[in-house]
Amino acid sequence: MSGWSTHDIPDQTGRTFIVTGANSGLGAETTKALVGAGAEVIMACRNTAKADAVARGLGDRARVAALDLADLASVRAFADGITSVDVLVNNAGVMALPLRRTADGFEMQMGTNHLGHFALTGLLLPKIGDRVVTLSSGLHQLGRIDPADLGWHNRRYRRWRAYGDSKMANLMFGMDLADRFDAADGDGRLSLIAHPGYAATELQGHTESLMDTAMKIGNLFAQSAADGALPTLYAATASDVVNGTFYGPSHFFGMRGAPGVSAFSGRANDRAIRDGLWAESEKLTGVAYPI
């Protein structure tokens with residue numbers, strides 16, 4: 001993997017990808033690289049106007065479809081419109097927002113980053129041919145998931161802890177989905193997890209606090225969104241990936257550089273929390289996995 005870049009992406013001609021949140025940042029860069037490698041990409045976005053602007057520069061192999069991960073009705077409508085797909089990239093996310101709730105009453109970060117993608121993946125699973133890539137973050141280290149209170153109804157809301165919880169949930173989900181693929185005889189599909197390190201994207205700047213200014217300054221020292229997308233692209237296209245593995249930048253303490261296998265918090269292996277998260281996710285979304 002040393003030095004791996006977009007030039008190393010295998011030919012993706014004839015393959016179809018769904019990339020959530022493809023209208024900007026990591027999702028837009030992921031889409032551009034996949035289209036450049038010959039893939040067809042469905043850009044699944046809430047802000048379809050911004051997505052249209054990106055798609056216009058990419059030609060006929062990029063098309064936009066409406067998807068609001070903070071609304072399960074939208075998730076179901078999107079999934080109903082998909083016939084088949086090779087790779088699903090669960091990229092979209094929000095970070096460190098003030099307390100807000102989704103259309104279904106979920107805390108916005110857990111609802112968008114995890115529960116929306118959990119529902120989407122489950123609904124699409126019979127139609128996915130190759131693999132699922134779910135984006136987490138190095139800040140999953142902040143996560144201390146309480147499966148009985150994913151919505152922050154019984155605790156004082158802490159925006160960064162809530163973000164960490166959602167990113168820990170992404171990691172646990174990707175690992176559990178990999179286990180389910182392994183347990184299904186002859187399935188052969190893959191579930192990978194990726195994180196971008198410290199990349200300059202539009203994700204920073206929506207906390208409605210002084211942290212917005214601090215993160216904008218920090219972005220001056222971050223790697224580009226294009227470089228931050230490399231672990232996702234590796235997980236989504238490489239032939240030598242290992243099911244259930246967490247990929248991220250390999251240098252500067254996982255903050256930047258070519259993709260490699262990433263370390264993660266040992267809390268991600270807590271079997272009781274993982275089982276509780278999966279069960280509560282199925283309960284809250286109403287989506288039972290067919291595997």
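Helices α1 and α8 are oblique to each other, a class for angles that are not under 35 degrees (roughly parallel), over 145 (roughly antiparallel) or 65 to 115 (roughly perpendicular). α1 spans residues 25-36 and α8 spans residues 230-237. T30, A33 and L34 of α1 touch T232, L233 and T237 of α8. Contact means heavy atoms within 4.5 Å.

This is a predicted model, in which local features need pLDDT of at least 70, side-chain atom pairs count only at pLDDT 80 or more, and totals for chains, interfaces and linings use all residues. Residues are numbered from 1 along each chain as its sequence is written, and side-chain values use heavy atoms, with hydrogens and water left out.

**Overall**

The protein chain has nine helices and eight strands. Helices (H or I, at least four residues) and strands (E, at least two) are DSSP runs, numbered from the N terminus. Of the 291 residues in the protein chain, 56% are buried. Buried means under 20% relative accessible area, exposed over 50%, and partly exposed in between (1.4 Å probe, protein chains only).

**Two helix pairs**

α4 and α5 are roughly parallel to each other. The table sets out both pairs. Axes are lines fitted to C-alpha atoms, for helices over the stretch in contact, and angles run from 0 to 180 degrees between N-to-C directions. A crossing is left-handed if the near helix is turned anticlockwise from the far one by less than a right angle, and right-handed if clockwise.

| Pair | Axis distance | Angle | Crossing |
|---|---|---|---|
| α1 and α8 | 9 Å | about 45° | right-handed |
| α4 and α5 | within 7 Å | roughly 20° | left-handed |

Residues of α4 that meet α5 include Q109, M110 and F118. Their partners in α5 include R159, Y163 and F173.

**Helix α3**

Helix α3 covers residues 72-80. Its buried residues are L72, S74, V75, F78 and A79. They lie on the same side of α3 because they cover an arc of only 155° around the axis. That arc is taken from the directions from the helix axis to the C-beta atoms. A73, A77 and D80 are exposed on the other side. The cover over the buried residues includes β1, β2, β3, α4 and α9. At the start of α3, a side-chain oxygen of D71 comes within 3.0 Å of the backbone nitrogen of A73.

**A loop residue**

D60 sits in the loop between α2 and β3. D60 is exposed, with a relative accessible area of 79%. D60 and V41 are 19 residues apart in sequence. In space they are 9.5 Å apart, C-alpha to C-alpha.

Conventions:
A polar contact is a pair of N or O atoms within 3.5 Å; within protein, one must be able to donate a hydrogen and the other to accept it, and residues adjacent in sequence count only if both atoms are side-chain atoms.
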